[in-house]
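Please keep the sequence and the structure in view while reading.

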Amino acid sequence: MLSLKRKTKGEAVFDLFNGFGMLLVCFATLYPIWYVLVNAFNEGQDGMRGGIYWWPRVFSLESFEAVFQSAGIMTAMGITVAKTVLGVLLHVFFTAMVAYAFSRRGLIGGKLYILIGTVTLFFGGGLIPTYLLIRDLHLLDNFLVYIIPAMFSFFDLIIFMTFFREIPDGLEEAAKIDGANDWGIFLKVVLPVSLPVIATIALFHGVYQWNDYFAGVIYMNNMDLQPIQTYLYRVVAQSSSNQMVAAIPGGVGKTVTSQSIKLATMVVTTLPIVLVYPFLQKYFVKGMMIGSIKG
């Protein structure tokens, strides 16, 4: 018969405090998100009174109507979707291509390349040299400023390279016997079996592209090319509620305030990337295990 080991009083108390601590951490993490949602769906003027913590006191969608009636936010949303999709595709393909070459044991100078790349993880040129480089490449006020500088990441290369080195050599040897060249092996053999790491890197870079506002602030003067996060940054930076409400077309906003628009804009900009995560979660968990088990 199997005997169940009874927990001592000290172990039971420790488990109780551990569970309480985890609940406290979860609450501290999730409540700010809930607070933003509750106040975003509350009437703006009523929200100025404060005291809304758990549920909207006066439910209203006017703040969201005001957000979507603004032509600027729809244009910014389109720019963000375009740069996220295109940026993820090019980043994953280009980084994976370079990582596949680095993963080959016989690469001449491979150790030197890895050493040089590792240095870039700790040292960078800084903002001013980077801005001058972007200017000399004629990428200021250019949509490609969101894509080209982010096409490659040495950190992501390391993750790709670690995964590629765990692929059995027999797969590549069989492809070579069938007459496949390096490009054929990479496209038809390596990439199809690398879905976990591809999904992981795609999620990492997709979140980066979606949340990046800095490039739009520094490199973009053309308001028609600003992404949604830069739009949100400019909305939050507005100091006068009269200016914000006056900018809303159609007169919508009698009960809308600058604060309610800020909160509604936060919800609109955050929701899409949150909805994508569950579909990539299983690949993300597998990708996080890359390199953790040897042998």
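The model is predicted.

**Two helices that cross**

Two packed helices are described by the angle between their axes and the distance between the axes. Helix H8 spans residues 169-177 and helix H9 spans residues 182-190. Their axes come within 10 Å and cross at roughly 125°. H8 and H9 are therefore oblique to each other. The crossing of H8 past H9 is right-handed. On the H8 side, the contact is made by Leu 171, Glu 172, Ala 175 and Lys 176. On the H9 side, Ile 185, Val 189 and Val 190 take part. Sorted by class, the contact of H8 with H9 has five nonpolar residues, two charged residues and no polar ones.

**A threonine in helix H4**

Thr 84 is placed in helix H4, which covers residues 71-102. Is Thr 84 buried or exposed? Its relative accessible area is 11%, so Thr 84 counts as buried, the cut-off for buried being under 20%. Leaving aside neighbours within four places in sequence, Thr 84 is in contact with Gly 206, Gln 209 and Trp 210.

**Aromatic pairs**

A pair of aromatic rings is described by the distance of the centres and the angle of the planes. The structure holds 13 aromatic pairs.

Tyr 31 and Tyr 35 both lie in helix H1, which runs over residues 9-40. They are four residues apart, about one turn of the helix. Tyr 35 has a relative accessible area of 33%, so Tyr 35 is partly exposed.

Where do the two members of the other pair, Phe 102 and Tyr 113, lie? Phe 102 is in helix H4 and Tyr 113 is in helix H5, residues 110-122. The pair therefore ties together parts that are 11 residues apart in sequence. Phe 102 is buried, with a relative accessible area of 13%, whereas Tyr 113 is partly exposed at 41% relative accessibility.

Some rings also form a cluster. Ring pairs link Phe 93, Tyr 100, Phe 160, Phe 164, Trp 183 and Phe 186 into this group.

How values were computed:
Residues are numbered from 1 along each chain as its sequence is written. This is a predicted model: local features need pLDDT of at least 70, side-chain atom pairs count only at pLDDT 80 or more; totals for chains, interfaces and linings use all residues. Side-chain values use heavy atoms; hydrogens and water are left out. Axes are lines fitted to C-alpha atoms, for helices over the stretch in contact, and angles run from 0 to 180 degrees between N-to-C directions. Angles under 35 degrees count as roughly parallel, over 145 as roughly antiparallel, 65 to 115 as roughly perpendicular and the rest as oblique. A crossing is left-handed if the near helix is turned anticlockwise from the far one by less than a right angle, and right-handed if clockwise. Contact means heavy atoms within 4.5 Å. Ala, Val, Leu, Ile, Met, Phe, Trp, Tyr, Cys and Pro count as nonpolar, Asp, Glu, Lys and Arg as charged, and the others, Gly among them, as polar. Buried means under 20% relative accessible area, exposed over 50%, partly exposed in between (1.4 Å probe, protein chains only). Rings of Phe, Tyr and Trp (its six-membered ring) pair if their centres lie within 6.5 Å; planes under 30 degrees apart count as stacked, over 60 as edge-to-face and the rest as tilted.
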